[in-house]
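Please examine the structure shown here.

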Amino acid sequence: MHQKIKASHPVSELSHSLAGIKLDLGRKQSDGSLSKVPVIPPRPQSTGTETRSQSAKSRNTSALQIRTPATLKTYEMPLQPFPPPTTPASGEVKSLTHRFAIQNGKVRDNTSDFMTFKQHYCLTWGSIVTMVKFLEKLMMNYAVPVAFVHGDKLADLSLEYELERPPSKDDLLSVLINRDDVEDVVFKPGRRFLGAHGKEVAAAEIQAAWRMHVERTKYLEYRKKKWAAGVIAISWIMHIKMVKVRHQLKQTRLDQIESFKIRSKKFASSWNRIKGSRRMVIHIPSLGLSQGIRDTFHDFNMRQNTQMSRLCDIKDPNVDVLFISPVPLSDETLQYYSKLLGLKLAIDSGNVDDQGDMNERYKIIVPEAIKSFPAHRMCLSTTLKYSPTTVKRIKNLIRGREAYIVPSVPHKDDLAIADMLDVPILSPLPEIAHLYSTKSGCKRIFVSAKVDIPPSEYDIYSIGQLHECLSQLVTENLDVVISKRWLFKLDDEFDGRGIAFCDVAQNMECYEWARKESQRYGEKWVKKWAQEKAFLKIHGEIPEILERFAEPINKDIYPDWKTFLDAFLGQGGVIEACPPAESITTMTVDMLIEPNGKVNIICCGDQIHADSQFSCWGISVPQSSIEPEVLNRACYKVAEACKARGVVGYFAVDFVTFIDGKTMGQKLWALDLSLHYSDSVAMFQLMTYVSNGKLDIKTHMFDVPPPALEKKTRKRRLLGQEEELPPNTNRYAVMSTRLLHTNLSVVHYSVFFQMCRAHGIGYDIREKQGTIFTLIDSFSREKLGMLSIGENLQGVLATFARNMSVIHQEISAPNMQGDTNFKAAIEDIEGILGTTLQNAEEDVDEMQEEP
């Protein structure tokens with residue numbers, strides 16, 4: 001039996017306290033009586049216009065609400081009747097009169113508070129009754145023992161939802177005075193199932209959960225199948241579209257090739273007329289290398305811009321040049337080339353003051369797509385293809401004029417540009433150029449031309465073929481010193497980077513025995529049966545020798561033999577013997593096959609090396625290492641073999657010459673073939689532009705016009721006085737586009753040229769000798785091209801080396817040397833100087849010995 005609660009204050013005060021506090025019942029004092037409930041001043045009654053949100057805010061922010069002790073949350077005690085109303089203690093009691101209770105899901109409608117509330121809101125009682133029914137249903141569903149309702153808030157809620165949807169659970173709870181206690185009951189897990197029709201609700205909940213599980217499982221399976229079907233459908237659609245695009249691209253390429261052939265035929269038939277008339281040459285110095293090679297260049301665009309001296313084609317009065325630059329050019333660079341090209345009139349007359357303006361004869365255009373693809377390392381032709389504004393401008397410039405394209409390394413996008421512009425290309429098809437520029441492809445050309453090549457094997461694609469071919473080459477060449485070092489060259493590489501070497505003879509245990517065997521058989525050694533025993537022994541040692549002693553040349557790209565071997569077997573390559581001499585000279589001959597089939601030798605020079613002995617850093621022009629007749633004969637043979645395979649345009653052939661230790665005669669081997677416009681051709685154009693000189697192909701001598709004679713009073717020559725010698729018109733040049741020095745970036749070009757003038761580095765227009773620079777990198781300024789012209793080879797080599805030494809000393813400090821290739825180039829030039837001096841002394845001795 002529950003203890004009867006005694007109130008320690010009047011009933012009216014208890015009624016007042018219900019508005020702001022929760023009942024604190026059952027708290028006994030030490031003497032057994034209940035503690036006194038504090039009296040809280042009543043809140044003013046809310047008006048009928050108060051909204052539900054404002055009511056909730058006042059309920060949440062009220063600091064007068066006190067939670068009922070946990071001991072009374074069971075609500076097992078029967079509700080006590082309210083005492084009769086008494087006179088209020090103050091006048092602000094209106095808000096305390098509209099409170100009533102809902103006990104066990106039913107409103108106590110017989111209490112005076114409820115009756116007063118009903119009477120006060122009699123005009124809107126219909127909507128209030130509806131809200132009361134909602135509250136009763138909520139309390140009954142969750143078996144709430146007792147809830148105290150704030151009548152005014154209930155009235156406001158009924159007005160708000162009179163014409164709207166039914167109130168939510170949160171809205172109904174917002175009108176309760178003891179909301180926290182009711183929420184503890186309502187939100188208790190499983191409480192809904194203890195209310196009215198709890199078993200039915202529980203059964204429905206279980207059924208709904210099971211149906212949800214079954215349907216969700218089916219839905220997830222359906223969604224998985226739908227996703228898979230979507231992926232399959234999209235993949236199939238993409239496959240169909242890709243097949244269609246590939247077919248369209250293939251057809252477009254075929255159309256471009258067909259258009260190229262048609263224009264080439266027309267170009268060949270009209271070449272004689274075009275060559276003698278006004279025309280525009282579109283220079284696109286694009287390196288159309290494979291993507292794998294382009295990705296290995298961190299400064300790929302700078303590498304494409306080494307041929308700025310193509311602008312010198314305007315030396316022909318009938319030629320205007322349109323140069324497509326792969327990099328943006330600064331105003332300082334453009335001004336330099338404007339002044340350099342403006343020297344043409346002064347060079348012709350020999351008078352420095354006769355300078356003109358050649359800006360109308362050439363245009364430099366930078367494609368706008370360069371900024372759109374800063375890190376893609378696309379070749380210039382591809383960049384130009386995606387530059388419609390530039391293409392439109394080129395069309396306007398060549399409209400109504402004869403024009404043709406001169407590329408560098410041909411690319412398939414060169415054909416697309418030619419189609420856009422409707423102009424021919426002075427080059428072979430890209431497929432032909434790439435095929436015969438590979439190491440294996442050029443071997444086919446050389447074999448067909450019947451020129452001497454090193455002992456070699458090509459088209460090697462497997463490790464077994466590599467071991468077998470190397471063993472056979474070593475076996476066949478045991479009687480000479482060729483087999484001591486062998487070179488391995490990748491088919492698709494550039495600038496001598498894909499080369500490895502191995503010293504086979506000095507690491508082979510059976511080498512001496514095999515040499516004795518070859519000497520024992522004598523002339524019969526060429527027979528396979530005589531070589532069989534030695535071949536088997538050599539073949540057994542080759543794999544281990546290669547694994548232990550083979551080394552790549554360029555270890556930045558191929559750090560070890562394994563990496564190089566993977567690339568070698570992936571793209572194919574050749575095995576080649578290294579020349580059997582300590583002193584060798586590599587030469588480059590640049591040639592042109594005109595569209596009508598005429599073959600011209602443009603220039604020839606001896607290579608200068610800096611980074612490695614297999615990479616050409618620069619050349620000295622003209623070559624002076626072999627008889628011109630021998631070299632010309634080999635060049636024309638190679639040109640005829642190229643012409644038979646549809647090659648047209650510029651190409652370069654690399655030769656090596658040395659003294660054969662066995663016959664003591666000079667040998668010439670063809671090494672490499674590059675079917676593209678090279679840096680040496682561009683620099684040679686600059687050489688002819690600033691000197692008005694011409695290369696005599698028969699004698700390999702470069703001559704310039706003699707300086708204009710000054711008018712002097714003719715004097716009578718005295719008896720015994722030597723006659724004045726004519727001026728020397730013979731010129732030599734050393735040229736390079738690969739000068740690299742990182743300290744150049746801290747020096748502006750204006751300061752750099754002032755420094756050069758202070759040290760006497762310049763060009764004499766009258767004497768046609770001196771030094772000219774080509775600016776390659778407008779912004780970082782780390783790379784330069786340099787051309788030095790002089791009257792003899794020794795002098796120009798010394799001048800070139802001195803220029804580099806002076807520049808290095810001026811821009812370097814002891815603690816800031818910078819990255820440069822100046823030192824390696826100077827060392828190689830010094831070695832060439834020693835050789836030329838020795839050869840000069842031998843020539844003098846031979847002349848003295850002659851009778």
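The side chains of Asp491 and Ser440 are joined by a polar contact of 2.8 Å (a pair of N or O atoms within 3.5 Å, one able to donate a hydrogen and the other to accept it; residues adjacent in sequence count only if both atoms are side-chain atoms). This is a predicted model, in which local features need pLDDT of at least 70 and side-chain atom pairs count only at pLDDT 80 or more, while totals for chains, interfaces and linings use all residues. Residues are numbered from 1 along each chain as its sequence is written, and side-chain values use heavy atoms, with hydrogens and water left out.

**Asp491**
- Asp491 is found in the loop between strands E9 (485–490) and E10 (499–503); strands are DSSP runs of E, at least two residues, numbered from the N terminus.
- Asp491 is buried (under 20% relative accessible area, 1.4 Å probe, protein chains only).
- Asp491 has no salt bridge (a side-chain nitrogen of Lys or Arg within 4 Å of a carboxyl oxygen of Asp or Glu); Arg444, the nearest side chain of opposite charge, is 6.7 Å away.

**Ser788**
- Ser788 lies in strand E23 (residues 783–790) and counts as buried because its relative accessibility is 0%.
- The side chains of Ser788 and Asn803 make a polar contact (3.5 Å).

**Sheet E2-E1-E3**
- Three strands, in the order E2-E1-E3, form an open sheet with antiparallel pairing (at least two DSSP bridges between two strands).
- E2 (106–107) and E3 (146–150) stand at the edges with a single partner strand each, so one side of each is left without a neighbour in the sheet.
- Arg99 has His150 in E3 as its bridge partner.

Note on methods
Helices (H or I, at least four residues) and strands (E, at least two) are DSSP runs, numbered from the N terminus. Buried means under 20% relative accessible area, exposed over 50%, partly exposed in between (1.4 Å probe, protein chains only). Lys and Arg count as positive and Asp and Glu as negative; His and the chain ends are not counted.
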